[in-house]
Amino acid sequence: MSLVKTSIESLKVNPFELIGRDWFLITSGTSVSDYNTMTASWGSMGIMWGKPVFTCGIRHNRYTFEFSEKNDLITFSFFDSDKYRPMLNFCGSKSGRDHDKAKETGITPVEIDGTVSFGEARLVLVCRKLYAQDLEKDKFTDSSLLKFYENDPVHRMYTSEIVAVYENK
């Protein structure tokens with residue numbers, strides 16, 4: 001199998017399953033020797049400023065945050081969740097500062113369009129950052145959500161244009 005470029009219009013996905021149930025890897029970097037990845041299960045997909053976008057949040061204390069700040073591109077890689085759940089659990093619970101996540105989980109980093117994803121992904125969104133802003137605790141209109149920030153920093157939200165789509169064929 002290999003990643004093949006396709007059009008965003010051809011995607012037939014349920015974003016609620018893709019993001020919330022299946023989970024995904026957020027990756028930023030310029031080469032397979034200079035990147036980091038992390039698991040996420042929060043995000044959104046839609047249209048903003050007349051562009052197809054993906055929005056995700058990354059906490060300041062995550063190693064991937066450093067890469068997402070210094071690079072213009074971010075990839076969102078989706079996998080067969082049943083087969084790759086152990087890998088997704090590992091990449092969400094271990095830091096790239098201390099672990100080579102690809103080597104330890106057996107996934108293959110690949111360079112595409114000037115950034116990094118993984119050869120085993122069933123779907124990859126290559127995105128260019130358009131907007132970034134930290135969540136502000138005093139702006140929450142539902143204070144029950146603050147429980148997610150009692151012991152961890154807030155997320156920086158990235159809204160990124162989907163500039164390329166790859167499917168594993």
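Trainee: Which residue in the turn between E4 and E5 has a positive phi?
Mentor: Trp49, with a phi of about 55 degrees. E4 and E5 form a hairpin with 2 residues between them. Strands here (E, at least two residues) and helices (H or I, at least four) are DSSP runs, numbered from the N terminus.

Trainee: Before we go on, what am I looking at?
Mentor: This is a predicted model, where local features need pLDDT of at least 70, side-chain atom pairs count only at pLDDT 80 or more, and totals for chains, interfaces and linings use all residues. Residues are numbered from 1 along each chain as its sequence is written, and side-chain values use heavy atoms, with hydrogens and water left out.

Trainee: What stands opposite Ser44?
Mentor: Thr55 in E5. Thr55 also stands opposite Thr159 in E10.

Trainee: How many bridges do E5 and E10 share?
Mentor: 7, again in the antiparallel sense.

Trainee: And how many residues of E5 are buried?
Mentor: 7 of its 9, so the strand is mostly covered. Buried means under 20% relative accessible area, exposed means over 50%, and partly exposed is in between (1.4 Å probe, protein chains only).

Trainee: New topic: helices. Where does H3 bend?
Mentor: At Met87, by about 30 degrees. That is the angle between axes fitted to the seven residues ending there and the seven starting there. H3 spans residues 81–93.

Trainee: Which H3 residues are buried?
Mentor: Ser81, Tyr84, Met87, Leu88, Phe90 and Cys91. So Met87 is both the bend site and a buried residue.

Trainee: What covers them?
Mentor: The cover includes strand E2 (24–31), strand E3 (34–40) and helix H4 (101–105). Contact here means heavy atoms within 4.5 Å.

Trainee: Which residue caps the N-terminal end of H3?
Mentor: Asp80. One of its side-chain oxygens lies 3.1 Å from the backbone nitrogen of Asp82.

Trainee: Now charges. How many salt bridges are there?
Mentor: 9. Each is a side-chain nitrogen of Lys or Arg within 4 Å of a carboxyl oxygen of Asp or Glu.

Trainee: Which residue does Glu17 pair with?
Mentor: Arg21, with the closest N and O atoms 3.5 Å apart. Both lie in helix H1 (residues 15–21), 4 residues apart, about one turn of the helix.

Trainee: Why does that spacing work?
Mentor: An α-helix has 3.6 residues a turn, so residues three or four places apart point the same way.

Trainee: Are Glu17 and Arg21 buried or partly exposed?
Mentor: Glu17 is partly exposed, at 37% relative accessible area. Arg21 is partly exposed too, at 45%.

Trainee: What about Asp22 and Arg122: how far apart are N and O?
Mentor: 2.7 Å, in a salt bridge between their side chains. The pair links distant parts of the chain, 100 residues apart. Asp22 is in the loop between H1 and E2, and Arg122 is in the loop between strand E8 (115–118) and strand E9 (123–134). Asp22 counts as buried at 4%, while Arg122 is partly exposed at 35%.

Trainee: And which residue does Glu161 pair with?
Mentor: Arg128, at 2.8 Å between the closest N and O atoms. Glu161 is in strand E10 (residues 155–168) and Arg128 in strand E9, 33 residues apart. Glu161 counts as buried at 15%, and Arg128 is partly exposed at 34%.

Trainee: Which residues share one network?
Mentor: Glu17, Arg21, Asp22 and Arg122, joined by salt bridges that share partners.

Key: Polar contact = N/O pair within 3.5 Å; in protein donor to acceptor, adjacent residues only side chain to side chain. Pairing = 2+ DSSP bridges.
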